[in-house]
Amino acid sequence: MKALTYHSAKDVRVDNVPDPVIQDDQDIILRVTATAICGSDLHIYRGKIPAMKAGDVLGHEFMGIVEETGPAVTRVRKGDRVVVPFTISCGDCFFCNTKLFSACETTNPGRGAILNKKNVRSGAGLFGYSHLYGGYAGGQAEYVRVPKANVGPLVIPPGLHDEKVLFLSDILPTGYQAVVNGRVGPGSNVAIFGAGPVGLMAAACARLLGAERIFMVDHHAYRLEFARQTYDVIPINFDDIEDPAEYIIEQTDFRGVDASIDAVGFEAKGSTLETVLTDLKLEGSSGKVLRQAIAATRRGGVISVPGVYAGFIHGFLFGDAFEKGLSFASGQTHTQQHMPKLLEHILEGKLHPEVIITHRLPLHEAARGYELFEHKQEDCRKVILTPS
């Protein structure tokens, strides 16, 4: 089959690879009908994620038709059209039983990314996201093996185009969990840092839950303008406004917002010092967005972090967070927990995640899709790939 494979930083190729096969009684084989390039795929593309091997199949946002099922699979059957969550969860461990699916203790044979790990078990395995997370083949391919199929895949009712439901696999639940973690409700003031796909989904979900004002910080004018038109955000371009947090405070009676959402993560555009420290491997992540979020959030507010972080962070002002009494919520998304509810919202016409799509390419043009997304060419917001 054809699949997009990693070879080195900035070198991804559509290659011929072996077809996947059933390896466990709870596996299914999925014929992929739609897959997407995620912002966190760009971390891999840039060579920022360790434990990638040449030939690894990329992609963790995908959906398709069930082609084959293992003998213990009861939740889906051959011919079902399903969306697959990006986390692989067993459904039976301590964390799965508390619906913290991304913390599943049994599906990741890799070590995970915790530096001070001790004897803590790794969290859930992820599709197409390095051998830190299990080395599972991803879904930017014609076919993919889906383990633990009694827990993950969500059957989609007839009549819904793939594009309307594809983002249930990751960015829509991720944006939703970020907003829920931020305790956003009717009348809330929210700041969202990052106008990429997760930031846009967070804005959509903040509106769904009744937010009154949404400030959105980015430096790509076309993304900010789209967010303004689509979600009625107050755009803040940090190329024009040097200190977005100060601006936000001035617009909120000098208190700050109820919640700040960091939808950027560890590759935020930081200071020259942070860039040097990261290049020297002395720091793992830029602290720029977290410093801004701490400053922009009112006393007693919440910092919600769906953006990926790793290792040490430069200039993390925890003393400021303590003095303001801020709460933090972060981590990989418990996708399976949110998918059914979000599907209902899509069916009811309350959410339209597909509106962020700008580029639709065949799978064999996946490398070009990465370049478009990486360099923000042609006002690219989101790329969808379809196997031929």
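Student: Hi! What volume does the second largest pocket have?
Tutor: The second largest pocket has a volume of about 980 Å³. Keep in mind that this is a predicted model.

Student: Which residues are closest to the centre of that pocket?
Tutor: Of the 34 residues lining the second largest pocket, I114, Y309, S330, G331 and Q332 are the closest to its centre.

Student: And which element gives the most to its lining?
Tutor: That is β15, with three residues in the lining of the second largest pocket.

Student: How does the lining of the second largest pocket divide by class?
Tutor: Into 19 nonpolar, 11 polar and four charged residues.

Student: OK, switching to cavities. How many are there of 30 Å³ or more?
Tutor: The count comes to two cavities of that size. The largest cavity has a volume of about 40 Å³, and the second largest cavity holds about 40 Å³ of space.

Student: What lines the largest cavity?
Tutor: Its lining is made of T174, Q177, A178, N181, S304, V305, P306, A329, S330, G331 and T333.

Student: How many of the residues lining the largest cavity are polar, and how many are charged?
Tutor: Seven are polar and no charged residues are there; the other class is nonpolar, with four.

Student: What about the second largest cavity, which residues line that one?
Tutor: For the second largest cavity, the lining consists of V84, P85, T87, I88, S89, F127, V146, P147, K148, V151, G152 and Q336. By class there are seven nonpolar, four polar and one charged.

Student: Back to α4, then. At what angle do the axes of α4 and α5 cross?
Tutor: They cross at roughly 55°, and the two axes come within 7 Å. That angle makes α4 oblique to α5. As for handedness, α4 passes α5 in a right-handed crossing.

Student: Which residues meet there?
Tutor: From α4 you have I171, L172, T174, G175, Y176 and V179, and they meet P197, V198, M201, A202, C205 and A206 of α5. The residues of this contact of α4 with α5 divide into 10 nonpolar, two polar and no charged. T174 also turns up in the lining of the largest cavity.

Student: How do α4 and α11 cross?
Tutor: The axes of α4 and helix α11 (residues 335-347) cross at roughly 100° and come within 9 Å. The two helices are therefore roughly perpendicular to each other.

Student: And which residues make the contact of α4 with α11?
Tutor: On the α4 side they are L172, P173, Y176 and Q177, while α11 brings T335, H338, M339, K341, L342 and I346. Six of the residues in the contact of α4 with α11 are nonpolar, three are polar and one is charged. Q177 is one of the residues lining the largest cavity too.

Student: One more pair: what's going on between α5 and α6?
Tutor: The axes of helix α5 (residues 197-208) and helix α6 (residues 221-231) come within 11 Å, crossing at roughly 20°. That makes α5 roughly parallel to α6, and α5 passes α6 in a right-handed crossing.

Student: Which residues make that contact?
Tutor: In α5 they are L200, M201, A203, A204 and R207, and in α6 they are F226, A227 and Y231. Seven of the residues in the contact of α5 with α6 are nonpolar, none is polar and one is charged. M201 of α5 also takes part in the contact with α4.

Definitions and conventions: Residues are numbered from 1 along each chain as its sequence is written. This is a predicted model: local features need pLDDT of at least 70, side-chain atom pairs count only at pLDDT 80 or more; totals for chains, interfaces and linings use all residues. Side-chain values use heavy atoms; hydrogens and water are left out. Axes are lines fitted to C-alpha atoms, for helices over the stretch in contact, and angles run from 0 to 180 degrees between N-to-C directions. Helices (H or I, at least four residues) and strands (E, at least two) are DSSP runs, numbered from the N terminus. Angles under 35 degrees count as roughly parallel, over 145 as roughly antiparallel, 65 to 115 as roughly perpendicular and the rest as oblique. A crossing is left-handed if the near helix is turned anticlockwise from the far one by less than a right angle, and right-handed if clockwise. Contact means heavy atoms within 4.5 Å. Ala, Val, Leu, Ile, Met, Phe, Trp, Tyr, Cys and Pro count as nonpolar, Asp, Glu, Lys and Arg as charged, and the others, Gly among them, as polar. On a 1 Å grid over the protein atoms alone, a cavity is a set of points where a 1.4 Å probe fits but cannot get out, and a pocket is an open set with protein on both sides within 12 Å along at least five of seven lines; lining residues have an atom within 4 Å of a point. Grid points are joined across faces, edges and corners, and a volume is the space filled by probe spheres set on the points.
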